[in-house]
Amino acid sequence: MNSELNDDNDIIMSLSKVGKKYGQNTALHPIDFELERGEVHVLFGENGAGKSTLISLIAGANKPSSGQINYDGKNVAFSSVKEARLLGICAVFQEFSLVPQLTVADNMFLGHELSSGYVLDKAAMNDKANAVLNELEFDLTADQIVGELPRAGQQMVEIAKAFCANVSVLILDEPTASLTEHETEQLFRLVNKLKSQGVGIIYITHRMAEIRQISDRVTVLRDGLLIGRLNTCDLDEDSLVEMMTGGSASDVFPNVESTAGNIMFEVSNLSSELGIDDISLHVKQGEIVGLAGLIGSGKSEFAQVCYGLAPKTQGQIKVCAKDISVATPSTLIEAGLYYCSPDRHDSGLVIDASIGHNLTLSALKTNEFSFDYSYVLKGGNERQRINTLMKRLRIKADDSHHLVNSLSGGNQQKVLLAKALSRQFEVFIFDEPTVGVDVATRKVIYQFIAELCQQGAAILLISSDLPEIIHLTHRAYVFCEGQIAVHLEKEQINEQSVLSHFFAKGEAA
Amino acid sequence: MMSNIQNNIRHMSSGGINRAMKVISNIFYRLGVLPFLLLIAVVTFTLLSGNFLTTDNLLNVARQSTYLILVAMGQMFALLTGGFDLSVGVIIALTSVIAAMVMAWANLHWPGQVELAIFVGSVAGLLAGMSIGVINGLGVAYGRVSPFMMTLGMSSIGLGFALYLTGGTPVYGMPESFSDLFGFGQILGVPTPVVITLAIAVFLWFFLNYTVGGRYFYAVGGNVKAARLSGINTKLVLFSTYVLCALLAAISGLLLTARLETGEANIGASLPLESIAACVIAGVSLRGGVGRLPSVVMGALFIGLIQNGMNLAKVGSYFQTVVIGVLLIIAVLADQFRQRMGK
Ligand SMILES: Nc1ncnc2c1ncn2[C@@H]1O[C@H](COP(=O)(O)OP(=O)(O)OP(=O)(O)O)[C@@H](O)[C@H]1O
Ligand SMILES: [Mg+2]
C-alpha cells in the first residue's frame with residue numbers, strides 16, 4: 001500500500017457523474033461510484049453493460065466523456081495506464097496487454113523495469129517475478145516466453161503483473177475466466193491479503209459463486225446505467241439476476257436427453273509433442289462429452305492436435321466414420337467438424353473485420369453463400385443468415401457492419417460461437433465456450449449446445465468450469481498430465497469424482 | 001447595448017465555426033487525411049499555375065498516373081495481407097526489358113507478322129515479371145521469409161538480371177504499332193492506358209468486395225490464425241498476393257514500355273516508395289486487414305496530381321522526391337492521430 005495516502009478517509013476513490021460515449025453511442029451513462037479501502041467491490045451486469053468501460057476510465061485506458069474522478073481526496077484525470085499505475089491504480093484488463101515475444105518477467109516489469117544505473121537488473125527482476133509467481137502458486141517460471149503460453153497461462157501473467165507493483169486500487173476484469181479452481185483459489189487468497197492491507201479492489205465476474213466467496217458489495221449495471229448497489233451479505237441470487245437482466249431468472253442448465261447413436265468422432269492412440277500421450281476417445285451422435293482437467297493437463301492441446309494445429313506423432317482420427325489422414329482445418333471443416341477456439345482474440349476472430357464477415361468466414365465456399373466455380377458471393381443469402389445468427393445468439397450490436405473490435409467481450413464470444421451455425425456440421429468441439437459470458441447469455445449458449453445435440457450433433461465440450469461438465473455432459477473424460485485419468489458415465493459425474501482425478505496419484509488432491 | 005450585439009455576433013460565429021469543425025473532424029475520422037490533402041493540393045496548384053485546372057491537363061494527370069495506380073493496387077494486396085512488396089520497381093524493369101527484347105527479335109525474324117510479335121513479346125514480358133512474384137510468393141508463404149527480406153533480395157536479383165541482359169542501354173527495335181496502340185492510342189477519346197487501368201480497377205474492386213477470394217485477403221491480413229482455423233488455405237492466399245501484385249506491376253511495366261518506345265532496365269526505381277505512399281495516404285493499414293481499393297486509386301491519383309502540379313510550377317525533380325517523402329510521413333502521423341480519435 002502507498003504510505004503517502006491519506007489514511008483517515010475510508011473512501012479511496014469516488015466517481016461523480018462519470019460517463020463515456022463512443023461517437024453517438026453511449027457505452028456508459030454518467031454514474032456515481034465509490035470504492036472503500038479494504039473492500040472487494042464487484043461490478044455485475046450483462047455483456048455490454050459497460051463494466052469494462054467503467055474500469056477503463058478509472059485505470060486511465062480511456063478518457064471519460066463527462067464527470068470527475070476523485071482519488072485519495074484529489075481530482076485526477078489520467079492520460080495513460082502508466083500514469084494511473086504510478087499512483088497505485090493497477091488493472092488486469094479483460095483483453096490482455098502482453099508482449100508475446102518477451103519473457104514472463106519482462107512482461108511483469110514492462111514500463112517500470114528495475115535497473116542499477118542505466119543497466120537493467122535482470123537478475124533482480126527474475127527473482128522478484130518468481131517470488132510473486134510462487135506466492136500465487138502459479139505454475140509458471142519467470143523466463144518462459146509469453147507467446148508460447150496458453151491463454152490461461154497468459155491470464156496468470158497478466159494477474160501477476162498487477163501484483164508486482166505498489167498498489168492501492170486493484171482492478172480485476174474477469175480474471176478467472178479461463179482459470180481452474182486451483183489458480184482461482186490462490187488468486188482469492190492474495191486478494192484477501194491485499195484487502196486486509198486496506199487496498200480497494202474492483203472485481204468483475206459473471207460467476208455467482210465468486211461473488212459470494214469474495215465480495216463485500218455489488219454494483220449492478222445494465223445498458224450503461226446504474227441499476228443498484230447491495231451488500232453481499234443480504235444478496236439473493238435470483239433477485240441479482242433479475243436486476244441484471246431486467247427479466248426473471250430460471251435454471252441455467254437445460255436438461256438434455258442423450259440420444260446416443262453412431263460414433264461420429266473417434267480418436268485412437270493420439271500422441272503429440274504438445275504433451276498428450278496415447279489418447280483414445282469417441283463421441284456419438286446426439287451426445288455431449290466433456291473433457292475436464294487442470295490447465296496444462298492436455299485437454300485443450302488434445303483438441304488442437306485433432307484440428308491439425310500441431311503435428312501428431314501417432315494416432316488416428318475419424319470424423320463421421322471417415323479416416324482423416326492429414327488433419328488440416330480445411331479438410332476437417334469439409335468432413336463436418338467445427339472447432340471453436342478458446343481464445344477469441346488470438347485465433348478465433350478477425351477483430352478488425354465486421355461482425356458479419358466473421359460470422360460467415362468458414363462457410364463462404366458453400367453454395368448457400370457463393371456460386372460454384374466463380375465464387376461470387378450471394379449477398380442476399382449472406383445478409384439473411386447473418387441477421388438470423390445475430391438474433392439467435394442475441395449479439396448486442398445495431399448493425400452487422402460494426403467491427404468486432406467495438407463489441408464488449410461477451411458479445412465477441414457470441415460471434416465466435418455463432419460461427420458454428422454458418423453451415424452444416426456434424427461434430428463440434430467447443431473449447432471454453434463460455435469464457436467471459438454473462439449468466440443470461442450462458443443460458444443461451446447452453447440452450448444452443450443442447451439444441452445442437454438434440455438435432456443429432458456430436459459435441460465435445462472442453463471446459464475448466466466444473467458445473468458445465470457436471471450439468472451438461474452425458475459422459476466425461478478427465479485429463480491429467482497428458483493422459484486420460486478416468487472415463488465417467490453420466491451418473492458417475494459429480495464434483496468429487498471429477499476433482500479427485502485432477503491430480504496425479506501420489507500428489508495430494 | 002453595443003457590446004451586447006458584438007457579443008451575440010461573436011457567439012453566433014463561434015457556434016458556426018464549432019459546427020464546421022465538427023463536420024471536418026467527422027470527415028477526417030471517416031475518410032482519413034486524403035480528402036484534405038487533395039483539396040489543399042488542388043487549391044495550391046490552381047493558384048500557382050493557370051494551366052493546372054484544365055480538362056487537358058487533368059486528363060494528362062489521369063494518363064500519367066495510370067502506371068502508379070496499377071502498381072499501387074498490387075501493393076495494396078501485399079499490404080492487406082500484412083506484408084509489402086519492394087520489388088515492384090524491378091518487376092517493371094524486367095518486364096520492360098524482356099518484352100522489348102523478345103518483341104524486337106520477333107519483329108526482325110517474322111517480318112509481316114507484327115501482331116504476333118507484339119503478342120509474344122507482351123506475354124514474355126508478363127511472364128518474366130510474374131516469375132519474380134512467384135518466387136516472392138513461394139518465399140513468403142511457404143518459406144516463411146519476411147516480405148521485407150524476400151522482396152528486397154528479389155529486387156537486387158531482378159535488377160542485376162535486367163542490367164546484365166541490356167548492358168545498361170535501352171532496347172530498341174519494337175514494332176511501332178505497339179507504342180501507337182498501348183502508349184499513345186485512344187479508345188473513344190480516352191487514352192488506352194487509362195481505359196485498361198479503369199477496367200482492371202473495376203474488376204479488382206468487384207473481386208475484393210463481392211467474391212469469396214476477396215474476403216479471404218482481408219481475413220488473412222486481419223488474423224492469419226483465425227483465417228486458418230476457419231478453413232482458409234492461408235499459404236495459398238499469401239502466395240497469390242505476391243503473384244497478383246507482380247502481375248499488376250508487370251502490366252504497368254508493359255504499358256510504360258509502350259509509352260517510352262524502348263525497353264529500359266532503370267525505370268520504376270521510385271515505384272516501391274510511391275506505391276506504398278499511395279496506399280498509406282489512402283488509409284491502408286500497415287498491420288494488414290484494412291484498406292479500400294477506390295481510396296487507393298485516389299491516393300495514386302493524388303501523387304500523380306502533386307507531381308504534375310509541381311512540374312507545372314517548375315519545382316525541380318530532386319525536390320519533388322522530398323515532397324513525396326514528407327507527404328508519406330504526414331499521412332502516417334495523421335493516421336495515428338485518427339486512431340487515437342477512436343478512443
Ligand atoms: N471502442 C468502442 N467503440 C464503440 N463502442 C464500444 C467500444 N468499446 C465498447 N463499446 C460499447 O460499449 C458498451 C459497453 O461495453 P463494455 O465492454 O464496457 O461491456 P462489459 O460490461 O464489459 O461486457 P462484457 O461482460 O461482455 O465484457 C457495449 O455496447 C460496446 O459495444
Ligand atoms: Mg468486459
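Predicted model: local features only at pLDDT ≥ 70, side-chain atom pairs only at ≥ 80, totals over all residues.
Let's take domain 1 and domain 2 of chain A as a pair. In terms of contacts, 20 residues of domain 1 of chain A meet 14 residues of domain 2 of chain A. Together the two domains of chain A bury about 1400 Å², and carbon and sulfur atoms give 63% of that area. What about charges and polar groups? Between domain 1 and domain 2 of chain A there are zero salt bridges, but two residue pairs are in polar contact. If you want to find this surface on the screen, look at β3 (40-45), α5 (151-163), α6 (181-196) and α8 (237-245) of chain A; each of them supplies at least two residues of the domain 1 side that touches domain 2.

Now, the metal. Which residues coordinate the magnesium ion, ligand 2? They are S52(A), through OG, and Q94(A), through OE1, at 1.9 to 2.2 Å. S52(A) lies in helix α1 (residues 51-58) of chain A, while Q94(A) comes from the loop between β6 (89-92) and α3 (104-108) of chain A, so this pair ties together parts that are 42 residues apart in sequence. Are these two buried or exposed? S52(A) is partly exposed, with a relative accessible area of 27%, whereas Q94(A) is buried, at 10%.

Last stop: chain B against chain A. Here 22 residues of chain B are in contact with 31 residues of chain A. The buried area is about 2100 Å², with 59% given by carbon and sulfur atoms. On the chain B side, V212(B), R215(B) and L229(B) lose the most area to chain A, and together they account for 33% of what that side buries.

How many salt bridges are there between chain B and chain A? The count is three. One salt bridge to look at joins E382(A) and R215(B), with the closest N and O atoms 2.8 Å apart. On chain B, helices α8 (192-210), α9 (212-222) and α10 (224-229) each supply at least two residues of the side that touches chain A.

Thanks, everyone!

Technical notes:
Residues numbered from 1 in each chain as written. Chains lettered and ligands numbered in written order. Heavy atoms only, no water. Donors = N, O, S within 2.8 Å, 3.2 Å for Na, K, Ca; no water. Helix = DSSP H or I, 4+ residues; strand = E, 2+ residues; numbered from the N terminus. Buried < 20%, exposed > 50% of the residue type's maximum accessible area, 1.4 Å probe, protein only. Contact = heavy atoms within 4.5 Å. Buried area = accessible area lost by both parts, 1.4 Å probe. Salt bridge = Lys/Arg side-chain N within 4 Å of Asp/Glu carboxyl O. Polar contact = N/O pair within 3.5 Å; in protein donor to acceptor, adjacent residues only side chain to side chain.
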